[in-house]
Amino acid sequence: MFHGNAGTVAQRAHYYRLFRAEGWGFHAMSYRGFSGNPGAPSEMANVADALLAYDSLRAKGIAADDIVLFGESLGSGVAIQVAALRPAVGVILDSPYSSIADVASAIYWYLPVRFVLLDQYHSTRHIQHVRAPLLVLHGEADRLIPVGFARQLAEAAPGPSEIRVYPGVGHVRPVFHGAMEDIKAWVSALPRSRTVVPPASAQPEAAPPVQGG
């Protein structure tokens, strides 16, 4: 699980309780500069650390068939890049975006944010290399990342994708409004007999480190 820009790993305990109630294990990674970790976060650093986290699970003998990548808000961009480079049985995204640049440009339409934003998380670009099944969860009343950006992302996915939109629900709030039932049903239907391996052409996108999330 790759959390969003605000808060800490501990503040996602509501997810962990739900996962454990289903008998699922989980690995929650914290970014540099979060939860007491040294260093500063950046897109390049976050994705590199996420790949190390994934590889540590595989090194412990956990099969790719047993790994679902889960990204929340900012972490959705991290999850997509991991899915583009590592096999997984599925990908779940809570309140995702097409790119940080798209969201920032919509908010700060009067500024040239695309030219000055270093960490742009181009999720619609990276998702072209993701073949694993995709589940998108998004609140219709999300004011931070409007649902239209999530729809763009789901439509750009080359593999099987589903989107669940929750009326009247805000940012990263779907889990409190029935999303867990959708997650359970979706996970139970995953093709566990094989994983979907990313194409060999997928390459990580390097970005210069920058302070801030």
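## Cores, a buried helix and aromatic pairs

The largest nonpolar core has 39 residues, and F2, L69, V82, V91, I127 and V130 touch the most other members. The model is predicted. At least two residues of this core come from each of α2, α3, β2, β3 (134-139) and α7. Helix α3 gives the largest share, eight residues.

Leaving out residues up to four places away in sequence, V91 contacts V68, L69, A83, V130, A132, P133, L134, L135 and W186. There is also a second, separate core of 19 residues. Its members include F19, L137, Y166 and M180.

**Helix α3**

How many residues of α3 are buried? The count is 12 of the 12, so the helix is largely enclosed by the rest of the structure. Among them are L74, G75, V82 and L85. These buried residues pack against several elements: the helices α2 (43-59), α4 (100-107), α6 (123-126) and α7 (147-156), and the strands β1 (68-72) and β2 (90-94).

S76 has 0% relative accessibility, so it counts as buried. Which residues does S76 touch, not counting residues up to four places away in sequence? They are G71, L93, P96 and Y97.

**Aromatic pairs**

The whole structure holds eight aromatic pairs.

| Pair | Centre to centre | Angle between planes | Type |
|---|---|---|---|
| Y15 and F19 | 5.8 Å | 25 degrees | stacked |
| F19 and F26 | 6.5 Å | 55 degrees | tilted |

Why is the first pair stacked? Planes under 30 degrees apart count as stacked, and the planes of Y15 and F19 are 25 degrees apart. Y15 and F19 both sit in helix α1 (residues 13-21). They are four residues apart there, so about one helical turn separates them. Y15 and F19 are both buried.

The F19 and F26 pair is tilted because its planes stand at 55 degrees. Are its two residues buried or partly exposed? F19 has 7% relative accessibility, so F19 counts as buried. F26 is partly exposed, at a relative accessible area of 36%.

Y15, Y16, F19, W24, F26 and F70 form one aromatic cluster.

Notes
Residues are numbered from 1 along each chain as its sequence is written. This is a predicted model: local features need pLDDT of at least 70, side-chain atom pairs count only at pLDDT 80 or more; totals for chains, interfaces and linings use all residues. Side-chain values use heavy atoms; hydrogens and water are left out. Rings of Phe, Tyr and Trp (its six-membered ring) pair if their centres lie within 6.5 Å; planes under 30 degrees apart count as stacked, over 60 as edge-to-face and the rest as tilted. Buried means under 20% relative accessible area, exposed over 50%, partly exposed in between (1.4 Å probe, protein chains only). Contact means heavy atoms within 4.5 Å. A nonpolar core is a set of buried Ala, Val, Leu, Ile, Met, Phe, Trp, Tyr and Cys residues joined through side-chain atoms within 4.5 Å.
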